[in-house]
Each structure stands twice: as structure tokens, then as C-alpha cells.
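Me: Can you walk me through how the labels on this one were reached? I'd like the value and the cut-off side by side.

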Amino acid sequence: MRYHDSTIDLHTHTTASDGAFTPEALVERARSKGITHLAITDHDTTLGIARAMARAKQDDLLGQIQIIPGVEISTSFKTVQIHIAGLFIDPDCEVMKRFVERQLSLRKWRAEEMGRKLEGAGFPHIYEEITEGLPEGSIVTRGNFARYIYEKGKAKSFEDAFNRYLRRGRVGYVNSQWMDIQEAVEIIHQAGGIAVLAHPRRYEITNGRLRTLITYFREAGGEAMEVAACQMKPSDRDFMATLCVQYGLLGSAGSDFHHEGSFRELGWNLSIPGKVTPVFEEPRFKGRFEVIPGMNSGRGTAI
Ligand code: AMP
Ligand code: MN
Ligand code: MN
Ligand code: MN
């Protein structure tokens with residue numbers, strides 16, 4: 001079902017991590033879908049931001065779309081992998097540069113290790129083929145491996161590729177201990193950004209555990225939580241909105257768009273329930289969103 005398109009999409013990926021679109025192509029697609037505010041939030045890297053911003057400043061798009069520099073940081077909360085997005089970060093500050101460098105070497109080691117394991121499972125040269133043509137410094141995640149396996153016809157879907165080869169206990173799985181949530185929030189803050197708990201509904205945890213997670217994130221200084229995503233049911237949005245209000249968090253919304261044909265699209269179903277204050281309406285952060293004609297939160301009111 002498709003309802004309430006928003007022109008604001010605060011969670012997307014490019015080829016700098018596991019997205020299929022180059023930063024330029026993503027910006028072009030976003031504009032063609034009517035997006036006025038697009039956050040680039042690649043996994044553990046800021047590499048795609050400069051190219052996306054440069055594309056948005058070219059004559060044909062000038063003044064039509066604001067690129068919000070972001071990042072999606074991988075963290076570990078006990079045994080669960082939790083993603084913390086940062087919005088309005090400064091990609092050029094020392095803290096962020098050091099973070100990106102460190103994650104790149106960790107990710108490179110892990111992806112090479114995954115490649116070696118999958119070679120043994122019938123995928124010769126998988127790592128070389130995945131990284132061929134990618135700009136130096138791109139992050140390779142399990143998402144890249146899933147796409148490759150699917151495109152080789154060895155899985156019926158990305159989900160199937162995860163189930164067969166990539167999830168914990170499968171041949172291509174390499175365990176990694178990511179940083180603590182507190183550290184991720186701190187890095188985002190030191191880079192001048194807003195910390196957002198990404199896709200809270202996607203973690204396979206009980207509601208009680210989710211509350212523990214939100215409490216921990218809040219105490220670490222996190223400001224917002226994603227309450228809207230393309231495929232999220234209204235009842236789930238409402239529950240997430242209730243949690244936002246209870247824990248004093250702002251609401252964010254993002255498609256987490258990676259590629260075509262995934263039941264996710266830029267701007268789809270991203271309206272934020274009325275009881276939550278969206279990050280772009282909170283006085284502290286509102287000024288960071290440029291006023292662009294057509295900007296609409298999807299709540300039915302132009303802002
Ligand atoms: P990694 O950070 O290397 O563990 O890879 C995580 C990425 O893989 C996520 O950002 C998604 O893009 C993708 N992913 C994770 N789980 C699934 C799944 N079950 N089906 C499809 N893609 C997934
Ligand atoms: Mn991904
Ligand atoms: Mn994520
Ligand atoms: Mn994401």
C-alpha cells in the first residue's frame with residue numbers, strides 16, 4: 001500500500017556502501033521522485049556525501065534538493081547489531097575522518113574474510129568481483145554479498161541469500177564486534193550531528209528489550225528515532241510514535257533505499273504520526289532544513 005508520500009527522506013544508501021546507485025544517480029532519482037531533502041546515510045562511511053552534494057549544486061537541480069550529510073554507524077548492543085544514524089554530521093571533521101578510516105580497515109578485513117569463506121562455497125573471485133569498479137574507500141557489507149549471490153542466480157532473493165550464506169551460522173558469516181552505542185552517539189555529536197536510532201522495528205528483539213535499548217540510547221544522548229519506513233504498518237508506526245513520546249525522542253523517517261525492486265522507494269510512506277515531533281519541526285534543528293518549494297512532511301501539510 002502506498003499513502004502519504006513525503007518529500008523528506010532521511011535514510012538512504014549509495015555505492016559508497018551497499019547501495020546500487022552512485023551518489024549522483026541517487027540524487028537524480030530522488031529529485032525525479034519529488035524529494036526536496038535527502039540524507040545520505042551510508043554504512044560506516046561519508047564517502048558518497050561530497051559527490052551527492054556536488055550533483056545537487058549543478059544547474060539543473062540547484063535550489064531543488066538539499067543533501068543532508070549523514071552516516072549509519074554499526075554498533076553492538078549485547079549480541080544484537082544496532083544501527084545508529086547521524087544526520088547533519090560534518091564529514092570533514094577529524095573525529096569523523098578517524099572513524100571512517102577505522103571502520104574501513106575493519107570492514108575491509110571482514111569482507112575479505114567473507115570472500116575467502118564464500119570462495120570455498122562455490123563463488124570464485126567473489127570479493128574481487130564485488131569490489132571491481134567501486135571507488136577506493138567504499139564499504140562492503142553483507143548487503144553487497146547478498147546482491148552478488150542473488151544476481152548469480154544462487155538465491156531466490158536477498159533474504160534467501162542471507163538465509164543460505166550470510167546469516168549467523170552460515171558459511172559466509174564472519175562475526176564482528178562493533179562499537180558501543182554510546183561511542184557512536186559521541187562520534188555523531190562531536191561531528192555536530194543528531195543521533196537517530198535507525199529502524200527500531202527491524203531488530204529481532206522483544207518489546208521489553210526494545211525499551212531497554214531505547215533507554216540506553218536516550219541515556220547516551222541520542223535525540224531521535226525512526227518512526228516511519230516504507231513497509232511499516234500503521235499500528236507499528238503508532239507504537240513507535242508512542243515510544244518516542246514516552247522517551248522524549250524526536251521522530252525521523254527514511255526509506256533505507258538501497259536498490260530497485262525491494263519494496264522500498266525514496267519518499268514512500270514516510271509520514272510521521274501526529275503525536276511525535278519530527279526532527280525537521282523541532283526548533284533546535286528546524287533551521288538546518290532549507291526551505292525548498294514543495295517541501296512536505298507527508299502529514300498533509302506543507303512545512
Ligand atoms: P553488515 O553490516 O555487513 O552485517 O550488513 C548489513 C546489511 O545487509 C544491511 O544494511 C542490509 O542492507 C543488508 N541486510 C541485512 N539483513 C538482511 C536480510 N535479511 N535481507 C536482505 N538484506 C539484509
Ligand atoms: Mn545496507
Ligand atoms: Mn540499517
Ligand atoms: Mn540503512
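Me: Are His11 and His13 buried or exposed?

Reply: Both His11 and His13 come out as buried. Keep in mind that this is a predicted model. The label itself stands for under 20% relative accessible area.

Me: How do you know which residues coordinate the manganese ion (ligand 3)?

Reply: By that 2.8 Å limit again: Glu72 (OE), His83 (ND1) and His199 (NE2) sit at 2.1 to 2.2 Å. Glu72 is in strand S3 and His83 in strand S4, 11 residues apart. Both Glu72 and His83 are buried. As for the manganese ion (ligand 2), 5.7 Å separate it from ligand 3, and 4.8 Å separate it from ligand 4.

Me: Why is Ala191 called buried?

Reply: Ala191 has 4% relative accessibility, and the cut-off is under 20%, so the label applies. Ala191 belongs to the loop between helix H7 and strand S5.

Me: What does Ala191 touch?

Reply: Phe88, Ile89, Asp90, Cys93 and Met96, leaving out residues up to four places away in sequence. Met96 is 95 residues from Ala191 in sequence, yet their C-alpha atoms are 6.2 Å apart.

How values were computed:
Residues numbered from 1 in each chain as written. Chains lettered and ligands numbered in written order. Predicted model: local features only at pLDDT ≥ 70, side-chain atom pairs only at ≥ 80, totals over all residues. Heavy atoms only, no water. Donors = N, O, S within 2.8 Å, 3.2 Å for Na, K, Ca; no water. Helix = DSSP H or I, 4+ residues; strand = E, 2+ residues; numbered from the N terminus. Buried < 20%, exposed > 50% of the residue type's maximum accessible area, 1.4 Å probe, protein only. Contact = heavy atoms within 4.5 Å.
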